[in-house]
Amino acid sequence: MKTANFIARGRQHRGVLRDGLLYDAAGEAHRPDDVQFLLPVTPGKVIALALNYADHNAELGFQTPEEPVMFLKPNTSLLPHRGTVEYPRGAQFMHYEVELAVVIGRDARRVKAQDAGEYIGGYTIANDLVVRDYVSNYYRPPMRAKGWDTFGPLGPYLVSADEVPDPYSLGLRAYVNGELRQQGNTRDMILKAPELIEFMSRFMTLQAGDVILTGTPKGVSHVKPGDVMRLEIDGLGALENDVQWETEDAEPLIAQEGKRE
């Protein structure tokens, strides 16, 4: 089942997607192009994984880490489908990252990998945007690089786990202004969701609604104000967001940890 939160005619709804239409609780049908999408889930926390595809690690010149490299994505960074991403003034290298997002279905603590599937509530698409100017090594959590407001587009749908029989054979694609820029497959993840859930739940409780971002394959490139990003994952739909400048009164970035093109 694919579900979405949206606003139509001034009212907020949670709808089910069937035959290309969103049906609200009253059974009324809405065209997805006519509604304002909201976040598909409101997480307590978003845990993101860095360097979880070997080809992306090579692209950035990093070695594959020996254990998961994690950071928290602020909830203030989250943005729904068709929301506008703000390009920070002074930034030089802002990149998209198409990622499979795993949504926790029920509270998990000290869960073993072989049992982790019982705790996955569904999947959605994430864009883990980053100002690469602020990334020099993965030992420092990249909060300045990835924690900006609007840097976490998510959606458009929450797809229940039963609709994704094999989450590790899904094609991922990122388009910028209609041009295919990034392409990969979830089969190339170094650590899959069950292993991540086991690792994370050993020291913290994963709560229902929490989101895990599972990393991105190679193919990141620069985006700029005026661009439109469209991220696709097989069976999950397409997440689209435009990029516009921050307001003119925003102070530009003045310090850089390092630059990577």
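**Before starting.** I reminded myself that this is a predicted model.

**Entry: cavities.** How many cavities of 30 Å³ or more does a search of the whole structure find? I got one.

Next I wanted to know who lines the cavity. I wrote down Val46, Lys73, Leu78, Ala126, Asn127, Asp128, Gly152, Pro153, Leu154 and Leu213. By type, I have six nonpolar, two polar and two charged residues in that lining.

Which strand gives the largest share of the lining? I found strand 14 there, with three residues. Strand 12, residues 120–127, and strand 14, residues 152–160, each supply at least two lining residues.

**Entry: strand 1.** I moved on to strand 1, residues 2–8. Is it enclosed or open? Six of its seven residues are buried, so I put it down as largely enclosed by the rest of the structure.

Then I went through its partners.

With strand 2, residues 11–18, strand 1 pairs antiparallel over six bridges. Ala8 faces Arg11 of strand 2 as its opposite number. I checked the turn of this hairpin too: there are two residues between the strands, and Arg9 has a positive phi near 55°.

I also noted strand 5, residues 36–37, which runs antiparallel to strand 1 and is joined to it by two bridges. There, Ile7 stands opposite Gln36.

Entry: What is the strand order in the open sheet of five strands? I read it as 9-20-19-15-16, and the pairing is mixed. Strand 9 (84–87) and strand 16 (179–185) are at the edges, each with a single partner strand, so one side of each has no neighbour in the sheet. The twist from one strand to the next averages 20°.

Strand 15, residues 171–176, runs antiparallel to strand 16, and six bridges join them. Val176 has Glu179 of strand 16 as its bridge partner.

**Entry: Arg173.** I picked this residue because it sits in strand 15 and carries a charge, and charged means Asp, Glu, Lys or Arg here. Buried or exposed? Arg173 has a relative accessible area of 17%, and the cut-off for buried is under 20%, so I count Arg173 as buried. What does its side chain contact? I found a polar contact of 2.9 Å between the side chains of Arg173 and Asp234.

**Entry: Gly184.** I finished in strand 16, where Gly184 lies. Its relative accessibility is 18%, so with the cut-off at under 20% Gly184 counts as buried as well. I then took one distance from it: the C-alpha atoms of Gly184 and Pro225 are separated by 25 Å, and the two residues are 41 apart along the chain.

How values were computed:
Residues numbered from 1 in each chain as written. Predicted model: local features only at pLDDT ≥ 70, side-chain atom pairs only at ≥ 80, totals over all residues. Heavy atoms only, no water. 1 Å grid on protein atoms, 1.4 Å probe; cavity = no way out; pocket = protein on both sides within 12 Å on 5 of 7 lines; lining within 4 Å. Points joined across faces, edges and corners; volume = space filled by probe spheres on them. Helix = DSSP H or I, 4+ residues; strand = E, 2+ residues; numbered from the N terminus. Buried < 20%, exposed > 50% of the residue type's maximum accessible area, 1.4 Å probe, protein only. Pairing = 2+ DSSP bridges. Axes fitted to C-alpha atoms, helices over the stretch in contact; angles between N-to-C directions. Polar contact = N/O pair within 3.5 Å; in protein donor to acceptor, adjacent residues only side chain to side chain.
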